[in-house]
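This report concerns the pairing of oppositely charged side chains. Please consult the sequence and the structure shown here alongside the text.

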Amino acid sequence: MAAATSSSPISFTAKPSSKSPLPISRFSLPFSLTPQKPSSRLHRPLSISAVLNSPVNVNVASPEKKTEKNKTFISRYAPDEPRKGADILVEALERQGVETVFAYPGGASMEIHQALTRSSTIRNVLPRHEQGGVFAAEGYARSSGKPGICIATSGPGATNLVSGLADAMLDSVPLVAITGQVPRRMIGTDAFQETPIVEVTRSITKHNYLVMDVDDIPRIVQEAFFLATSGRPGPVLVDVPKDIQQQLAIPNWDQPMRLPGYMSRLPQPPEVSQLRQIVRLISESKRPVLYVGGGSLNSSEELGRFVELTGIPVASTLMGLGSYPCNDELSLQMLGMHGTVYANYAVEHSDLLLAFGVRFDDRVTGKLEAFASRAKIVHIDIDSAEIGKNKTPHVSVCGDVKLALQGMNKILENRAEELKLDFGVWRSELSEQKQKFPLSFKTFGEAIPPQYAIQVLDELTDGKAIISTGVGQHQMWAAQFYKYRKPRQWLSSSGLGAMGFGLPAAIGASVANPDAIVVDIDGDGSFIMNVQELATIRVENLPVKILLLNNQHLGMVMQWEDRFYKANRAHTYLGDPARESEIFPNMLQFAGACGIPAARVTKKEELREAIQTMLDTPGPYLLDVICPHQEHVLPMIPSGGTFKDVITEGDGRTKY
């Protein structure tokens, strides 16, 4: 889905309580007192929503109507019983159906944690770092489709959430982040652990709030969940000063949401005439190809039916993996910089590109002018800011991909006899490309090819595991060699490329899917960035499996060094230079320190049994797979290149 560069132009005007006047400060207040015009260059407009993308029970047409959830909710407080703001906040989360939060306490959020201990329905999974908490909340959201919730204290606790918020913004992940803040009277005074987190995160959240009145908490929480989950999902931050958390109040749960601008700009369902035009283009084409992204994850059933009716082959972005089964004969798997040759060939030679829920990212397109240069382009996306941003479409629909597919499927079903779509010749041409340029790898002696390790994992789990990754070579190999059957099996920091994502994301996925096999395919560089979360895995007894592809290097940067910098190593070796023959650090000892069983495998012939043992061992397990550092991720289209520049041969054993 679409990339985001800024927060919404909705302005939240905070009204200071007359009981707690704010001091005049040399700092600007971290909330807007006057509406500001959004910058067209930087801001991602909020005219991005068509319908709800997740099961939040809010009536779009009548936001003021109470939800069924609220009608049947039984509070532990009497209706007229005063309670702390923190308890109102926690009950507001309960009323949204929240069952799990990832929260790390601190001085400014203690009241919230005290209130959480009084909740009988919300479980807190305690991360060992706030970044681990926000990535875990993302893993929860990505794997379940429900919003993820993380909580942190003020100052450094809040700023530790920044990478996760940016990641959720770029990958359109529904997230509600709650932060403690210094008391209102201290805002702007450089108080201990004070940061203006609303200002810090303004450009990397869909919207954010500074709560200045305890009576606003019920409305703000309802709005936060609605904004995070409606239309194009994204992160929303709610900053709650400590005195608000401590203030006694009687909540009004019947407050309407105040989002008139946002609601008025929700795109309508697609026009039938637009969908008929797309069907006409399909009937006139000879070489159509589907280009599907993260915006199609909620529409996999409709997408499958569309492909069944048309016979059009499917290429997926990194975000879209699993929206169409990767093991199906019509799947071209991933396209782009490290996509398959045949997926990129299909786009290069297509005469019609059906771009559904995508944003024409640079890692997909390479040189924009040359991307799909022979094709008519149909672009369907829920975010109006993405239509025509990078590539001008011939036909565009701003709306929900799910509704558009449902409408087109109905037209196709009604006109099947008349249309008689047949792209057999085109599919045969692509099948030849599949035979000619399959994904492959070489084996050198007893060394374990990392691609082979992922291939074996795919076989032993029958492609049904939920896979999280860090960022780098292992991420690309996991995208290429694991065949995702369903959406939400693949969890990866795609737009931001945040190392350290894999382990905490696996925690969130395991919490959301307790019966699923969850495997963090990680690299040694990414893994060590949030290695402290092993403690969370052990304490929560989560059955997270860690397949660590350990090559002692920062692999992807090293690959670029090999290809473009004459293999000059510029701080990409992660081992101990004084003991190059040893594996450093010893990852098994990290696992051992947290009471997690672990093993190391160095020979290809021993790998299958080692992976099977990992899968069969109850609870968490770490398998340290030692791989040669010379391996390169192929195919590769250099940044800014075209299909003609594709690299299919070579590795670090060759000089360039």
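## Salt bridges in the predicted model

Glutamate 459 and arginine 608 join their side chains in a salt bridge, at 2.8 Å from N to O; the term denotes a side-chain nitrogen of Lys or Arg within 4 Å of a carboxyl oxygen of Asp or Glu. Because glutamate 459 belongs to helix H18 (residues 450-460) and arginine 608 to helix H25 (residues 607-616), the pair ties together parts 149 residues apart in sequence. Helices (H or I, at least four residues) and strands (E, at least two) are DSSP runs, numbered from the N terminus. Glutamate 459 is partly exposed at 45% relative accessibility, and arginine 608 is partly exposed at 35%; buried means under 20% relative accessible area, exposed over 50% and partly exposed in between (1.4 Å probe, protein chains only).

This is a predicted model, in which local features need pLDDT of at least 70 and side-chain atom pairs count only at pLDDT 80 or more, while totals for chains, interfaces and linings use all residues. Residues are numbered from 1 along each chain as its sequence is written, and side-chain values use heavy atoms, with hydrogens and water left out.

| Salt bridge | N to O distance |
|---|---|
| Arginine 232 and aspartate 383 | 2.6 Å |
| Arginine 142 and glutamate 138 | 3.0 Å |

Arginine 142 and glutamate 138 are 4 residues apart in helix H4 (residues 130-144), which means that about one helical turn separates them. Both residues, arginine 142 and glutamate 138, are buried. A network of salt bridges links Glu138, Arg142, Asp167 and Asp171. Arginine 232 and aspartate 383 are likewise buried. By the stated rule, the count comes to 35 salt bridges.
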